[in-house]
2 protein chains.
Amino acid sequence: MNEFSLIERYFQPLSPVLLKDDAAVLSIPAGHELVVSSDTLNEGTHFIAGADPADIAHKALRVNLSDLAAMGADPLAYQLNIAFSAMPDEIWLEAFTAALAADQAAFGIFCSGGDTTSIKGPLSISITAMGVVPAGQAVTRGGAEPGDVLLVSGPVGGAFCGLQALQRQPGFTVSEALIEACYRPCPRTDLAEAVRMYAHAAVDISDGLVADLSHICEASGVKAVLEAETVPLSEEVKVLLRSGAVSRESLLSGGDDYQLLMAVPPQHTQHFPGSTVIGRFEEGAGVRVQDVDGQVLSFKEKGWTHF
Amino acid sequence: MNEFSLIERYFQPLSPVLLKDDAAVLSIPAGHELVVSSDTLNEGTHFIAGADPADIAHKALRVNLSDLAAMGADPLAYQLNIAFSAMPDEIWLEAFTAALAADQAAFGIFCSGGDTTSIKGPLSISITAMGVVPAGQAVTRGGAEPGDVLLVSGPVGGAFCGLQALQRQPGFTVSEALIEACYRPCPRTDLAEAVRMYAHAAVDISDGLVADLSHICEASGVKAVLEAETVPLSEEVKVLLRSGAVSRESLLSGGDDYQLLMAVPPQHTQHFPGSTVIGRFEEGAGVRVQDVDGQVLSFKEKGWTHF
């Protein structure tokens, strides 16, 4: 099997576009803008060698879908750039492409092309996802206003706990659901329309709740007050927190949850069912994390960074 | 310097879009379609370790611009995904980004975002370029018709000769210009409008002239007759050919030239100044490469493939 037969057999079925052309041609609906996001996952950095190919595929696509959702955009198409250290076997390829196909159906996106290369190193997957948004309605990190409340779309910290378990930290035995939280995040594409209609600013929690919140504050020129104990946690994560196996600080600074963090005028919170108010925006700068008594909690690390 | 300061210092100046958001928002002119292409370059596979960062940058961007040109699309923006084995030094980053900035100005494109990651392996650069074309006017590989002539936009084989010299093949001492042909291809974005106005099919010569011509034939369901001795060669390549240092077969199957190969109705060739008629399309299938006496030249390898 060479590069061309690999593409024809495994990647062409993911695409309504003929992958043999130099480029894909995509129609953007009239009155809409294009929203573009890229994320790269490298073996040994973002996932372990020998990881389940379906997990890799889900994560590689979903982290991009999450970025589109944070902008209020609906998914359109994605480019798949994959560098293999050796020609993968057919079992791997079938599992990888089946996972992409399942996500394409679930999230309404298709593969528009990409590049398949060989690399003298670890598997590297880079996806560029494209979405569409009615012109002028994209939501950035920069629109939060004093008086907005801080909403989070669902429980956080699960991916952090799953990762600790995967890395075999002492005291950690967690459910399959938390392991899955690391590898198969649920991008909140279901909230994209509400985000563009009602949110002043939004970001997905990829670097960590506090770090991503500080991004909103910097971009918007506002201060955020985060009520640490109001942050929603799953029942399992609550048990880990109470047992001391994990600190609240870790849960608020661990990344990869892919819930949305949003600045929303208080009268519009009902448009985000399942979301929780965890703080508010004020005049000023920076993030204040406080406990139920209003005491400041300080953070050593705000979130994940490369290098 | 961490990931964020690297982006702010070196990559933000390449972009009119705030790279801190989750995604970029791009306007597509009314009545236009989006054209998208991706290419990945890996150290040790597509360029040698320690290669000039400016060369790497030029090649990574230009191979994508070439794909857009082959579709008849004008450049709009690109996503830059770069995986570093270690934090690069400032000299490297300055040279790399200065080369991108120069090409942005030369070809009318800007960086709309991307992802910067660390990899436990070689440097890997994946670019997704986006262009625009008036709706319905994109040119694919599939439109060649019997009666069309085969046009090539400029001399070929230079990149192959440069690569041989770089790999220190005996008998090869070539000019800087041929070395540069490997690393700094000239994408024919200047021909994009003529391509969409007058070409029935087009492809850029990345895999090799004969291989890329066979792609047109397969996609279009036609046969191509290539008159091997009419293929334009630079004066330096002609000397190498006459001396026996390189074979005509190698020149016609070596890749990376990034000239355009086009199927054009005979009455429209004047719209492609500097281009040369090197054959014709007929009813049938496959590529016939023939010499000045009409004798068939056979090929062992049609072009480059991974794995």
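Predicted model: local features only at pLDDT ≥ 70, side-chain atom pairs only at ≥ 80, totals over all residues.

A: Residues are numbered from 1 along each chain as its sequence is written, while chains are lettered from A and ligands numbered from 1 in the order in which they are written.

Q: Is α7(B) mostly covered or exposed?
A: α7(B) is mostly covered, with ten of its twelve residues buried, where buried requires 20 or more other C-beta atoms, placed from the backbone, within 10 Å of the residue's own. Among them are Leu209(B), Asp212(B) and His215(B). Helices (H or I, at least four residues) and strands (E, at least two) are DSSP runs, numbered from the N terminus.

Q: And what do those buried residues pack against?
A: They pack against β7, β8, α9, β9 and β11 of chain B.

Q: What follows α7(B)?
A: Next comes Gly221(B), which has a positive phi, near 70°.

Q: Switching topic, how many residues of chain B are in contact with chain A?
A: In chain B, 56 residues are in contact with 56 residues of chain A, a contact being two C-beta atoms, placed from the backbone, within 7 Å. Strand β2 (residues 32-42) of chain B gives the most to that side, with nine residues.

Q: Which strand of chain B pairs with β2 of chain A?
A: Strand β1 (residues 24-26) of chain B does, in the antiparallel sense over three bridges, and strands pair if DSSP finds at least two bridges between them. Within β1(B), Ala24(B) is the bridge partner of Val36(A).
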